[in-house]
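Please keep the sequence and the model in view while reading.

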Amino acid sequence: MFGTTPNPEGITSPAIDVLLDKVDSKYTLAVFSAARARQINSYRQEMKSGDQNVTNIGPLVPATPEDKPLSVALEEIAQDKLSMSLED
């Protein structure tokens, strides 16, 4: 097979249908996952710098340093490790 892979990775895992069941819209999913990905990225930077004052929470699912923060955030949402609430 040329140009394709039989087991695609990325947004197909977790499936978009599973993710959309957890939130009310695609927009909400994008904002929620992006905010969590920024937290994960900040956590990794704090750990890398050796800062003793860690202010962010790390990944809530098994993740390697090579995993992209957005992929980790989407996996957390799919596994119900996070819940979202709207603030006024």
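The structure is a predicted model. Helix α2 covers residues 26-49, and α3 covers residues 69-78. The axes of these two helices, α2 and α3, come within 8 Å. Glu46 and Thr28 are both placed in α2, whereas Asp80 and Lys81 are placed in the segment after α3.

**The pairing of α2 and α3**

- Two packed helices are described by the angle between their axes and by the distance between those axes.
- The axes of α2 and α3 cross at roughly 120°.
- Angles of 65 to 115 degrees count as roughly perpendicular and those over 145 as roughly antiparallel, and α2 and α3 are therefore oblique to each other.
- The crossing of α2 and α3 is right-handed.
- On the α2 side, the residues that meet α3 include Leu29, Phe32, Ala37, Ile40 and Arg44.
- On the α3 side, the residues that meet α2 include Pro69, Leu70, Ala73, Glu76 and Ile77.

- Thr28 has a relative accessibility of 13%, and it counts as buried because the cut-off is under 20%.
- Leaving aside residues up to four places away in sequence, Thr28 touches Val23 and Met84.
- Glu46 is also buried, yet it has no salt bridge.
- The nearest side chain of opposite charge to Glu46 is that of Arg36, 9.9 Å away.
- Beyond its neighbours within four places in sequence, Glu46 is in contact with Asp51, Asn53, Val54, Thr55 and Asn56.

**The segment after α3**

- Most residues other than glycine have a negative phi.
- Asp80, a residue other than glycine, has a positive phi, near 60°.
- Lys81 is partly exposed, with a relative accessible area of 45%, a value in between the limits of 20% for buried and 50% for exposed.
- Not counting residues up to four places away in sequence, Lys81 touches Leu60, Val61 and Glu76.
- One of these partners, Glu76, is also among the α3 residues that meet α2.
- Lys81 and Pro59 are 22 residues apart along the chain, and their C-alpha atoms are separated by 9.8 Å.

Technical notes
Residues are numbered from 1 along each chain as its sequence is written. This is a predicted model: local features need pLDDT of at least 70, side-chain atom pairs count only at pLDDT 80 or more; totals for chains, interfaces and linings use all residues. Side-chain values use heavy atoms; hydrogens and water are left out. Helices (H or I, at least four residues) and strands (E, at least two) are DSSP runs, numbered from the N terminus. Buried means under 20% relative accessible area, exposed over 50%, partly exposed in between (1.4 Å probe, protein chains only). Contact means heavy atoms within 4.5 Å. Lys and Arg count as positive and Asp and Glu as negative; His and the chain ends are not counted. A salt bridge is a side-chain nitrogen of Lys or Arg within 4 Å of a carboxyl oxygen of Asp or Glu. Axes are lines fitted to C-alpha atoms, for helices over the stretch in contact, and angles run from 0 to 180 degrees between N-to-C directions. Angles under 35 degrees count as roughly parallel, over 145 as roughly antiparallel, 65 to 115 as roughly perpendicular and the rest as oblique. A crossing is left-handed if the near helix is turned anticlockwise from the far one by less than a right angle, and right-handed if clockwise.
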